[in-house]
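Hello,

Here is the structure we talked about. Please open it and keep it beside this email as you read.

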Amino acid sequence: MLQAVESRESVGSTLRDDYLKAYRFMVLSRILDEKLASLYRGGKIHGGVFLGKGQEALSVALGLALQKGDVYAPLIRDGAGRLAFGEPIIDALRTYLGSALGPMRGRDGNVHRGRPREGYLAMISHLGAMISVVNGTLMAKRFKKITGVVGAAVIGEGGTSTGAFHEAVNQAAVEKLPLVLVIANNQYAYSTPSSRQFACSNLTNKAVGYGITAHHVDGTDLLACLNTLSAAVKQAREGGGPQMVVAKLLRLCGHGEHDDAHYIDPRLKNSPIGRDCIKVAEDYLLQQTWADEGAIQQIRQDAAQKIDDALTIVQREPTPDPFRENWCALASRHLSDSFEGPGNNVQ
Amino acid sequence: MSITYLEAIREAQAKALADDPRVFIYGQDVGAFGGAFKATKNLAQQFPGRVIDSPISEDAMVGAAIGAAIEGMRPIIEMQFADFSTPGFNQIINHAATLYWRTQTPCPITIRLPSGGTSGSGPFHSQSMEAIYAHYPGVIVMTPATVEDAYSMLLEAVAIDDPVIFCEHKYLYYHLKADKLPTEAMPVGKARIARAGRDLTIVAYSAMLHEALAVAEELATEGTEIEVVDLRTIKPLDTDTVMASVARTGRLLCVGEAWPWGGVTAEVIARVATEGFGLLDAPPQRLNAKDTPIPYHPNLWSTHRPTARSIATAARNLLRS
Ligand SMILES: Cc1ncc(C[n+]2csc(CCOP(=O)(O)OP(=O)(O)O)c2C)c(N)n1
């Protein structure tokens, strides 16, 4: 089950509280990422590992702007947003380590996880595909006369080039849905730079064509992200129609942990978008005297402890057993086709 | 009173909308206009807000259906033609079809594909796509051949907790008539003996059923009794009924309007050959469309697809072997 995380709007908290809460999730996500990377290097993870380094501020700001009853479709680099939306740490570890007890039970792995019935969609790999699904959840809520909810989808700048993206944004606009679409322009889609991905001067230009509202934000600045995302979510919630948020930042890791990202232009790394959002947030905390070095250290230690505790549990859990797997893709089991010819029965 | 195959599809949707508030219809021109074939005629007026025109966005249409299904709705998607389901293919086979297995969240969506050839329709308005969808796990593929099945199977499709690809044949839309709508139906996944016989089994589905029945009629005058099996759904495929028929006749001819490579006819023959080789008195045969795009001109089209004539020839050859 998702954990209850109080959203910013619902508690009327101070900016300091919000900022610190967001920072905690960012740190938790970063340390979890580092743990996953080390498990990967140690050969403990089957398949890929995809990190969100450098995107925590943007991701967490969306996760915290959402409330219970909203729908969230995170993508590959949304560890922080997932935690902020209420995903327990253990869900990530169970999915990466293939625990039979995780939400995906070894049937899917890594970032392909979620709890759709709780409004937390489980991405498929095909980029662009999740946006129209969020639209559908919002159309359903409209049928059910549920108001005051939003649906959020996240995509990279590379994913904006898909036909699915175009169809879905247009669909949301036509249906005037409370969709918040966050585009993380981290400058690279795997190795492909933005210049080979789109030719408009800014991705927000696309919003004009769809007839929806656009917001632009510095994705390295937590304060800006918190303000922009809560404004966009509020506008959608209050009937303002689809909101596109374009964030500028830089991916501070490889595409996956198999990738050394040698192709990233060093000039970008040294530019303002190459700043580490966690460092930016820490500097701000210190500057505002909302936290001192000791408090920051404590936050890190607490996060590491929580992750270690969860990992200890997961490492003792069973992995899926092929002989207990029912090998049935249908909810209506009685309608599954039978392939029990002699050739298919050999184990 | 008589009711066509197309009217049965409309009536089934009207009943689904009336009986279940979770049902809605989404597709191009399905609203006030009533659909390209009028399969949703007057439904938008009868069920305000529940029969919705979509943009020409098959990917997003199916995507939205998946999202709505996650929220507990039971959407019916009308593709304007089966051929145009290809831009929605990704959502169907990678998303709808994997959702339950991955997340234990059922995905009860019905996707209606106006399928198959009609004279003059050409390469992009004539396709039979059932085999492509059936290839993927996680979907049910229905191919109704009668007015009664068009009605009852569409209602079943909406009630099923999984994605259903509903291949309705455009040639049958107006040609096929019944006296009244059925009140009961065979279970989903069961094939039907459409005509009993003992000399040869012809397995068919959708429009080809009627070509096969015509052949059975014709050959009956020559003293040959052909058994015709209507598959009804091609996934799941009712191997038992096919096998039982072949056990009676010893000869199998499988007919499909789709292309020959792989597909339903190949699957039926593979199953009979692997599980019932000993039942066969002659090598099993199949007849499909030619391996080219579907031609526009009637002269070419009527030769491209199997017809009563070509099926009769194949049947006679098989009876002689
Ligand atoms: C439709 C589709 N094509 C190709 C891929 C393979 N792929 C996975 S991630 C990726 C790059 C994505 O770049 P972007 O959307 O900018 O997101 P980022 O990885 O930068 O966060 C590619 C090409 C895919 N997942 N989906």
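This is a predicted model: local features need pLDDT of at least 70, side-chain atom pairs count only at pLDDT 80 or more; totals for chains, interfaces and linings use all residues.

**The cores**

The largest nonpolar core has 154 residues. Within this core, Leu62(A), Leu181(A) and Val268(B) have the most contacts. Helix H2 of chain A, residues 15–41, gives the largest share: 13 residues.

Now find Leu181(A). Leaving aside residues up to four places away in sequence, Leu181(A) touches Ile131(A), Ala153(A), Ile155(A), Phe165(A), Val169(A), Gln243(A), Met244(A) and Val245(A).

**Helix H4 of chain B**

This helix covers residues 89–103. Its length can be checked. At 1.5 Å a residue, its 15 residues should span 21 Å. The end C-alpha atoms are 20 Å apart, which agrees.

H4(B) is mostly covered, with eleven of its 15 residues buried. Among them are Asn90(B), Ile93(B), His95(B), Leu99(B) and Tyr100(B). What covers the buried residues of H4(B)? The cover includes helix H6 (129–143) of chain A. From chain B, it includes helix H3 (58–70), strand S5 (110–115), helix H5 (130–134) and strand S7 (164–169).

After H4(B) comes Gln104(B), with a positive phi near 65°.

Best wishes

Technical notes
Residues are numbered from 1 along each chain as its sequence is written. Chains are lettered from A and ligands numbered from 1 in the order in which they are written. Side-chain values use heavy atoms; hydrogens and water are left out. A nonpolar core is a set of buried Ala, Val, Leu, Ile, Met, Phe, Trp, Tyr and Cys residues joined through side-chain atoms within 4.5 Å. Buried means under 20% relative accessible area, exposed over 50%, partly exposed in between (1.4 Å probe, protein chains only). Helices (H or I, at least four residues) and strands (E, at least two) are DSSP runs, numbered from the N terminus. Contact means heavy atoms within 4.5 Å. The expected span of a helix is 1.5 Å times one less than its number of residues.
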